[in-house]
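Look at the sequence and the model below before reading on. The paragraphs after it go through the chain element by element.

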Amino acid sequence: MSRDIQLKERWDVLIEKLSAQFADGDVLELDAIIYLVGVQELGKYHRTYKKDEKLDLMHIAICRLLEPYGFYTFDYFDEDGWPHYIMKEELPPLKAGEQSVLMKEAIVSYFIEKEYIK
């Protein structure tokens with residue numbers, strides 16, 4: 001099975017499962033899933049976040065998702081428990097479609113690692 005087909009199948013399974021769990025069946029979009037990863041990484045689930053905190057959560061998620069690709073490395077947790085990362089390498093210029101594929105691949109890998117999907 002080609003890598004693209006396998007990624008699409010895993011992505012579809014992930015979207016279905018996350019949408020059922022977090023969106024009452026509405027289909028979650030990429031940004032919403034990135035946000036969920038950020039909340040997961042912070043570990044503070046039952047609170048409301050302000051707009052700037054939501055952006056910070058998405059930043060945490062992107063750093064964590066791209067860490068296995070060598071773009072970021074975990075640095076430390078601050079006094080409030082928020083993780084901080086260091087950029088190791090600039091992301092190469094990517095077209096929108098390439099960016100989307102990279103993030104989907106990173107998200108699928110993350111949820112496989114967390115044993116949420118196979």
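What follows covers the confidence of the model, then its helices, and then a few single residues.

This is a predicted model, in which local features need pLDDT of at least 70 and side-chain atom pairs count only at pLDDT 80 or more, while totals for chains, interfaces and linings use all residues. Residues are numbered from 1 along each chain as its sequence is written, and side-chain values use heavy atoms, with hydrogens and water left out.

The term pLDDT stands for the predictor's confidence in each residue, from 0 to 100. For this chain the mean pLDDT is 94, and 99% of the residues reach 70 or more. Among the elements, α1 has the lowest mean, 94, and strand β1 (residues 72–77) has the highest, 98. Elements are DSSP runs numbered from the N terminus: helices are H or I with at least four residues, and strands are E with at least two. Where pLDDT is low, the predicted coordinates should not be read in detail.

Start with helix α1 (residues 3–22) and helix α2 (residues 30–42). At what angle do their axes cross? The axes come within 12 Å and cross at roughly 70°. Such axes are lines fitted to C-alpha atoms, for helices over the stretch in contact, and angles run from 0 to 180 degrees between N-to-C directions. The two helices, α1 and α2, are therefore roughly perpendicular to each other (65 to 115 degrees; under 35 is roughly parallel, over 145 roughly antiparallel, and the rest oblique). By class, their contact has seven nonpolar residues, no polar ones and no charged ones. Nonpolar here covers Ala, Val, Leu, Ile, Met, Phe, Trp, Tyr, Cys and Pro; charged covers Asp, Glu, Lys and Arg; the others, Gly among them, are polar. From α1, W11, I15, L18 and F22 meet L30, I33 and L36 of α2, where contact means heavy atoms within 4.5 Å.

Next, consider the length of α2. Its 13 residues should span 18 Å at 1.5 Å a residue, and its end C-alpha atoms are 19 Å apart, which agrees. The expected span is 1.5 Å times one less than the number of residues. The buried residues of α2 include I33, I34, L36 and V37; buried means under 20% relative accessible area, exposed over 50%, and partly exposed in between, with a 1.4 Å probe and protein chains only. Among the elements that cover the buried residues of α2 are α1, α3, β2 (83–87) and α4. After α2 comes G43, whose phi is positive, near 80°.

Helix α4 (residues 96–113) can be checked in the same manner. Its 18 residues should span 26 Å at 1.5 Å a residue, and the end C-alpha atoms are 26 Å apart, which agrees. Buried residues of α4 include L102, M103, E105 and A106. The buried residues of α4 pack against α1, α2 and α3 (51–66). Just after α4, E115 takes a positive phi of about 60°, although E115 is not a glycine. E115 is exposed, with a relative accessible area of 72%.

Leaving aside neighbours within four places in sequence, E53 is in contact with R47, T48 and W82.

Finally, F74 lies in strand β1 and counts as partly exposed, at 32% relative accessibility. Not counting residues up to four places away in sequence, F74 touches E67, P83, H84 and Y85. F74 and D26 are 48 residues apart in sequence and 33 Å apart in space, C-alpha to C-alpha.
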